[in-house]
Amino acid sequence: MPLDLIISGARLDGRTVDIGFEAGRIAAIEAHIAADAPRTEALGALAFPGFADSHIHLDKACILERCAICEGTLAEAISGTAAAKAGFTVEDIHARAAGVLAKAVLHGTNRMRSFAEVDPRAGMRCFEALSAVKAEFAHAVDLDICVFAQEGLTQEMDTHAMLDRALAAGADLVGGCPYADPDPERHIALVFDLAEKHGTMVDFHLDFDLDPTGSAIPAVLRETEARKFGGRVSIGHVSKLSAMAPGEVRQIGRRLADAGVALTALPGNRLAETAPTPKAEPPFQSRLTSLVSACGAPVARVNRAPGVPGRRQDGRRSSQPSAKSSFCRTAGEITIG
Ligand SMILES: [Zn+2]
């Protein structure tokens, strides 16, 4: 067969194979391909379809040195990051995002969803910079840009108009943070309105605390079902799940699955962000696992790069990554055990 390239000796599903390419696509996978084509030796390296990172903030990546960490709380992370955002320039965002993306690609990530903050303080700078990065890395990674309202919407409708403009300018999808809005349910509805208008998906940051009551999930489910948005809705973080009784988690899991709402959990971030109550966090993964096994809802777990220490409120260094560290290594797309 006419092949353009052969990668020899790659490990795939426990066996060693040659992979042949034709016109940029995989044309053959065999134990040994005898063809006259340029060869690259994989030397037993793993071959796989690539990682997908379903939740990253490329616009806020690598700003640890710009944020003081004194309390190690979620509130401090949010306020510190918001303050740092005011100093972002398009060039600055571009340089940091491109650096992270290059590392992610080299580690095997080929699909990624990044949030881009759009509001009167960030302007359109995050979206502008990430749009350029997306085009520059299009050969290596499919990057979706989710423009989103990190700091509320109903109390600052300028943000709504800016999100509308960003979507018209080519943003892939839209998101919000209901917990940061004085009217969370209206916030959710407004984000859905924008998605309907522009024909995009939605992705929410949801339930950032360990109080099992007051979840915004029911509001998202209502809008999803009323607008027939199943399969086009994602929610991330959702820390309240770790504080709920297992039966309630399973019930929510079934409702998410039935409605077609996907979940991204970020347990590494949560460990840092929910300080000083780290003892409340360990059940999270087991409850997440039960959620997955009970309902089959699409679930991703994003693990942040280790070794970026945060500081807990008791003053001790935490081995968990700081909430301000947006650098992400890679993430499995669906599975998690
Ligand atoms: Zn996030």
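A residue counts as buried if 20 or more other C-beta atoms (placed from the backbone) lie within 10 Å of its own, exposed if 12 or fewer do, and partly exposed in between. The model here is predicted, so local features need pLDDT of at least 70 and side-chain atom pairs count only at pLDDT 80 or more, while totals for chains, interfaces and linings use all residues. Residues are numbered from 1 along each chain as its sequence is written.

View 1. Helices (H or I, at least four residues) and strands (E, at least two) are DSSP runs, numbered from the N terminus. H4 takes in residues 157–168. Tucked away as buried residues of H4 are Thr159, His160, Met162, Leu163, Ala166 and Leu167. They span an arc of only 165 degrees around the axis (using directions from the helix axis to the C-beta atoms), which puts them on the same side of H4. Over on the other side, Met157, Asp158, Ala161 and Ala168 are exposed.

**View 2. What follows H4.** Here we look at Gly170, which comes after H4 and has a positive phi, near 115 degrees.

**View 3. An open sheet.** Four strands line up in the order S3-S2-S1-S4, with mixed pairing; two strands pair if DSSP finds at least two bridges between them. Strand S3 (25–30) and strand S4 (39–41) sit at the edges with a single partner strand each, so one side of each has no neighbour in the sheet.

**View 4. S1 meets S4.** Strand S1 (residues 5–12) pairs with S4 in the parallel sense, over three bridges. Look for Ile7: its bridge partner in S4 is Thr40.

Technical notes
The expected span of a helix is 1.5 Å times one less than its number of residues.
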